[in-house]
Amino acid sequence: MKSGRAFGRLYLTIVLVILYAPIFYMMYYSFNSGGHMREFEGFTLEWYKEVFQDTRLIIIVINTVVLALLSSAIATILGFSGALAISSLKKNRTKNALLSLNNVLIVSPDVIIGASFLVLFTLVGIKLGFVSVLLSHIAFSIPIAVLMILPKLQEMSPTLVDAARDLGASRRDVLTKVILPYAKQGIFAGFFMALTYSLDDFAVTFFVTGSGYSTLSVEIYSRARQGISLSINALSTMIFLFTILMVIGYYFLNLRNNQRVRSVRAGVSE
C-alpha cells in the first residue's frame with residue numbers, strides 16, 4: 001500500500017511538472033529585458049506595458065470576454081432547459097439516447113465541429129464575424145452545461161416537487177423556488193465550465209471568425225506565427241493568472257454554499 005501511494009504521488013508530481021513547467025517558463029521570460037527566451041538578461045515590465053498600449057489587442061480582449069460571458073449565459077439557460085427535459089423523461093432508453101447524443105458533441109474533434117459550422121454558415125448565408133462565433137460557442141457549450149446541471153437535477157427527490165404542488169405552488173413557483181435553488185451549484189458549474197471553454201477555444205473559432213472580428217486565441221496564434229514576442233508571454237501570463245483567480249473564486253463560492261447547506265441541515269436536525 002505504501003509503495004502504491006508513493007508511486008501515485010510520484011506519477012502525479014511528474015504530470016504536474018510536465019503541465020506547468022512550460023507555463024512557468026513562459027511567465028519567467030515575460031519579465032526578460034533581452035526580448036528573447038534564450039537567456040534572462042534583466043527584469044522589466046516593458047512587455048506588460050506594451051500589451052496595455054496595444055489598442056487593437058485591448059479591443060480583442062474585450063470582445064473575447066463579452067463573447068464568452070454572453071455565449072456562456074445563453075448556453076447555461078438552454079443547457080438547464082435541456083437537462084430539465086432529460087431528467088423528466090421516464091423511459092431510460094430515451095434518456096440514455098439523448099445523453100449519448102449530448103456526449104458525442106463533447107468528444108467530437110473541434111476541427112470537425114468548426115468545419116461543419118463553416119459549411120452551415122456559408123450555406124445559410126450568415127456572414128462570418130461576431131454572430132457566427134457566438135452561435136458556434138453557444139452550440140458547443142450547451143452539452144457541457146447539460147452535463148454539469150443534469151446530476152444535480154437527478155439528485156433532487158421527486159417528493160420535493162410533489163410537496164410544492166400539493167401546497168398550491170404553480171409551475172413557475174416550482175421552477176423558481178424549488179428546482180432552481182436546488183440546482184444552483186450545477187448551474188454555476190455549467191456556466192463557469194462553458195465560460196472556460198469559450199475563452200479557451202481556438203479550433204472552432206478559427207474556422208468561423210471573419211476578417212473584421214477576432215478573439216484572443218486566434219490573435220495570439222496569428223502573432224506567434226510572425227515570430228517570438230515577449231508581449232505574447234506577458235499577455236498569456238495575465239490570462240493564466242486571471243484563470244487562477246476565477247478558479248479560486250469559484251472554489252470559495254462553492255465552499256461557502258456547502259457551509260450554508262451544512263448549517264441549515266444542522267439547524268433542521270436540532
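Analyst: First, a term. Helices (H or I, at least four residues) and strands (E, at least two) are DSSP runs, numbered from the N terminus. By that count the protein has twelve helices and zero strands.

User: What should I know about the model itself?
Analyst: This is a predicted model, so local features need pLDDT of at least 70, side-chain atom pairs count only at pLDDT 80 or more, and totals for chains, interfaces and linings use all residues. Residues are numbered from 1 along each chain as its sequence is written, and side-chain values use heavy atoms, with hydrogens and water left out.

User: In what order do the elements of the protein run from the N terminus on?
Analyst: They run α-α-α-α-α-α-α-α-α-α-α-α.

User: What box do the C-alpha atoms fill?
Analyst: Roughly 70 × 60 × 35 Å, taken along the principal axes.

User: And what percentage of the residues is buried?
Analyst: Of the 270 residues in the protein, 33% are buried. Buried means under 20% relative accessible area, exposed over 50%, and partly exposed in between (1.4 Å probe, protein chains only).

User: Pockets next. What is the volume of the largest pocket?
Analyst: About 970 Å³. On a 1 Å grid over the protein atoms alone, a pocket is an open set with protein on both sides within 12 Å along at least five of seven lines, while a cavity is a set of points where a 1.4 Å probe fits but cannot get out; lining residues have an atom within 4 Å of a point. Grid points are joined across faces, edges and corners, and a volume is the space filled by probe spheres set on the points.

User: What about the second largest pocket, what is its volume?
Analyst: About 460 Å³. It is lined by 15 residues, with L84, S88, M156, V161 and I179 nearest its centre. At least two lining residues each come from α3, α6, α7 (158–166) and α8 (171–182). Helix α7 gives the most, with four residues. By class this lining divides into eight nonpolar, four polar and three charged.

User: How many cavities of 30 Å³ or more?
Analyst: Three. The largest cavity has a volume of about 50 Å³.

User: Which residues line the largest cavity?
Analyst: V51, L57, E219, I220, R223, S231, I232 and L235. Helices α11 (216–225) and α12 (230–269) each supply at least two of the lining residues. By class that lining has five nonpolar, one polar and two charged residues.

User: Switching to packing. At what angle do the axes of α3 and α6 cross?
Analyst: Roughly 45°, for α3 (residues 55–87) and α6 (residues 130–155), whose axes come within 6 Å. That makes α3 oblique to α6. By contact class, there are 19 nonpolar, six polar and no charged residues between α3 and α6. Axes are lines fitted to C-alpha atoms, for helices over the stretch in contact, and angles run from 0 to 180 degrees between N-to-C directions. Angles under 35 degrees count as roughly parallel, over 145 as roughly antiparallel, 65 to 115 as roughly perpendicular and the rest as oblique.

User: Is the crossing of α3 and α6 left-handed or right-handed?
Analyst: Right-handed. A crossing is right-handed if the near helix is turned clockwise from the far one by less than a right angle, and left-handed if anticlockwise.

User: Last bit, single residues. Where is M238 found?
Analyst: In helix α12. M238 is partly exposed, with a relative accessible area of 25%. M238 and Y48 are 190 residues apart along the chain, and their C-alpha atoms are separated by 8.9 Å.

User: And T55, where is that found?
Analyst: In helix α3. T55 is exposed, at 53% relative accessible area.

Technical notes
Nonpolar A, V, L, I, M, F, W, Y, C, P; charged D, E, K, R; others polar.
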